[in-house]
Amino acid sequence: MASSPDHNHTLNGDSNTHASKKPKLSFITPSEIAAEFSHHDPTVARINNGSFGSCPDSVLQAQRRWQLKYLSQPDHFYFNHLQAGILHSRTLIRDLINADHVDEVSIVDNATTAAAIVLQQAAWGFSESKFEQGDAVVMLHYAYGAVKKSIEAYVTRAGGHVIEVPLPFPLNSNDEIVTEFKKALEKGKANGRRVRLAVIDHITSMPCVVIPVKELVKICREEGVDQVFVDAAHSIGCTEVDMKDIGADYYTSNLHKWLFCPPSIAFLYCRKSPKGVELHHPVVSHEYGNGLAIESAWIGTRDYSPQLVVPAVLDFVNRFEGGIEGIKKRNHETVVEMGQMLAKAWGTHLGCPPEMCASMVMIGLPACLGISSEKDTLKLRTHLREKFAVEVPIYFRPPKNGEVESLTGYCRISHQVYNKVDDYYKFRDAINQLVSDGFTCALLSN
Ligand SMILES: Cc1ncc(COP(=O)(O)O)c(C=O)c1O
């Protein structure tokens, strides 16, 4: 495999003419949006963009063109188009995330892979005796399950000590997060140990809240934490993503959640560092040793088309007023409005103030639904899907000691461009019906 060719953007798999700089005469219409997402099941209220994202038809068509380009003449595609196309996508991502250099941007499958890359490197720190046994890795209690397992697999096993930052929920302010985070770093540094890595979510998955990452990264620097990895699986297309401003060493975001890419594609940003830390893709190919971006651009024969459609995605988002910034802003405003409407209808509250939300919001569910375990949340979620055609994830919040009549169940709603207000009314009415029927989770079989 030759190393990446330089900018050769004759990318026939894609229209590749971004309208971003051109003045817009007219924006995408509601019926054009409906056509772009006409492959969605029209009977389902799909208010869970957060879990799996969505991909419009024009991007799927671009993907299909790339796939055919490959299959029509694989050798030609491999030698002349693949690397140029991936480099072009990396360059566009660099601009979107305000990174200094395209070498800092690798494209990987997903945030799970990005976490493995960073944590594998932490494991080598222990196994190659750069770190002392018992040195710490700090993560949020609400870190994503797969990332927690990855920390266990790579760090705990190598002799690292893992410290979780407990966070209250519902949350009222960033101060609550900052206070707990500082306490966890103190714990990590106890007995002369060092904190080798902090793993910080940008938007936690469940419960969902936007974390003040910039502030936490700054605290890490002040407290001498070696490296900071931001797991921002949800962030690009959903909240502010600026590498120079945030200042983390490593930062990953999926593009298949909120940036309309087909599965699977994520970027992993690795800040150029004088320490010259070496990261490697866990899937080793003959590109091993050529730098993470090049290693990641060839992990064996497979479908690379999701990595090649970033230009088509930008064409799509630039059909909306304000481009991706406009989409983000409207998603935020609408999801907050819908969240407040639901909280009012059910007599509950939001899980955090609107300014701590992006395009997803947590809302308390009526206590009478009797959500008393994680199993209940899954059962209720399935019931909502099967009986009411509503797709929404649910969170179990164990009651704290001494709490009476607290809410134990919260739902997480999303808003994306394809959603309609009726999606949220359908959900509201489904819960209202369950309440008026005297339903409780105990009535659902396992
Ligand atoms: C915070 C967080 N990290 C990591 C992931 C994993 O993303 P993926 O399954 O695309 O690897 C998710 C998925 O929802 C997430 O919410």
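Me: Start with S129. Where is that residue placed?
Reply: S129 sits in the loop between α5 (111-127) and β3 (136-140). Keep in mind that this is a predicted model.

Me: Is S129 buried or exposed?
Reply: Exposed. S129 has 9 other C-beta atoms within 10 Å, and 12 or fewer counts as exposed.

Me: And what is phi of S129?
Reply: Near 60°. That is a positive value in a residue other than glycine.

Me: Then F260. What is phi there, and where does the residue lie?
Reply: Phi of F260 is near 65°, again positive and again not in a glycine. F260 belongs to the loop between β7 and β8.

Me: Buried or exposed, F260?
Reply: Buried. F260 has 26 C-beta neighbours inside 10 Å, and the cut-off for buried is 20 or more.

Me: What about the peptide bond from P263 to S264?
Reply: That bond is cis, with omega near 0°. S264 is in the loop between β7 (250-254) and β8 (266-270).

Me: What joins M206 and P207?
Reply: A cis peptide bond, with omega about -10°. P207 lies in the loop between β5 (195-201) and α8 (213-222).

Me: Change of topic. How confident is the predictor?
Reply: The average pLDDT of the chain is 94, and 94% of the residues score at least 70. Over residues 1-13, though, the pLDDT is below 50. That stretch has 26 contacts in the model beyond near neighbours in sequence.

Me: How should I treat a stretch like that?
Reply: Where pLDDT is low, the predicted coordinates should not be read in detail.

Me: OK, helices. How many residues of α11 are buried?
Reply: Eight of its eight, across residues 310-317. Among them are V310, D315 and F316.

Me: Which helices do they pack against?
Reply: The buried residues of α11 pack against α3 (57-72), α4 (74-97) and α12 (323-346).

Me: Take α4 and α11. What is the geometry?
Reply: Their axes come within 9 Å and cross at roughly 40°. The two helices are therefore oblique to each other.

Me: Which residues make the contact?
Reply: From α4, H88, S89, L92 and I93; from α11, V310, P311 and L314. By class, the contact has five nonpolar, two polar and no charged residues.

Me: And α3 with α4?
Reply: Those axes come within 5 Å and cross at roughly 115°. K69, Y70 and L71 of α3 meet P74, F77 and H81 of α4. The classes are four nonpolar, one polar and one charged.

Me: What does the domain assignment give?
Reply: Domain 1 (85-313) and domain 2 (323-443). Their C-alpha centres lie 29 Å apart.

Me: How many residues are in contact between them?
Reply: 14 residues of domain 1 with 17 of domain 2. The domain 1 side has eleven nonpolar, three polar and no charged residues.

Me: Last one, H415. Where does it lie, and what does it touch?
Reply: H415 is in the loop between β12 (409-414) and α14 (421-436). Leaving out residues up to four places away in sequence, H415 touches N331, T334, V335, M338 and S359. H415 counts as buried, with 26 C-beta neighbours inside 10 Å.

Me: How far apart are H415 and D75?
Reply: 340 residues in sequence, and 42 Å in space, C-alpha to C-alpha.

Key:
Residues numbered from 1 in each chain as written. Predicted model: local features only at pLDDT ≥ 70, side-chain atom pairs only at ≥ 80, totals over all residues. Helix = DSSP H or I, 4+ residues; strand = E, 2+ residues; numbered from the N terminus. Contact = placed C-beta atoms within 7 Å. Axes fitted to C-alpha atoms, helices over the stretch in contact; angles between N-to-C directions. Parallel < 35°, antiparallel > 145°, perpendicular 65-115°, else oblique. Nonpolar A, V, L, I, M, F, W, Y, C, P; charged D, E, K, R; others polar. pLDDT = per-residue confidence, 0-100. Domains from an automatic or database assignment.
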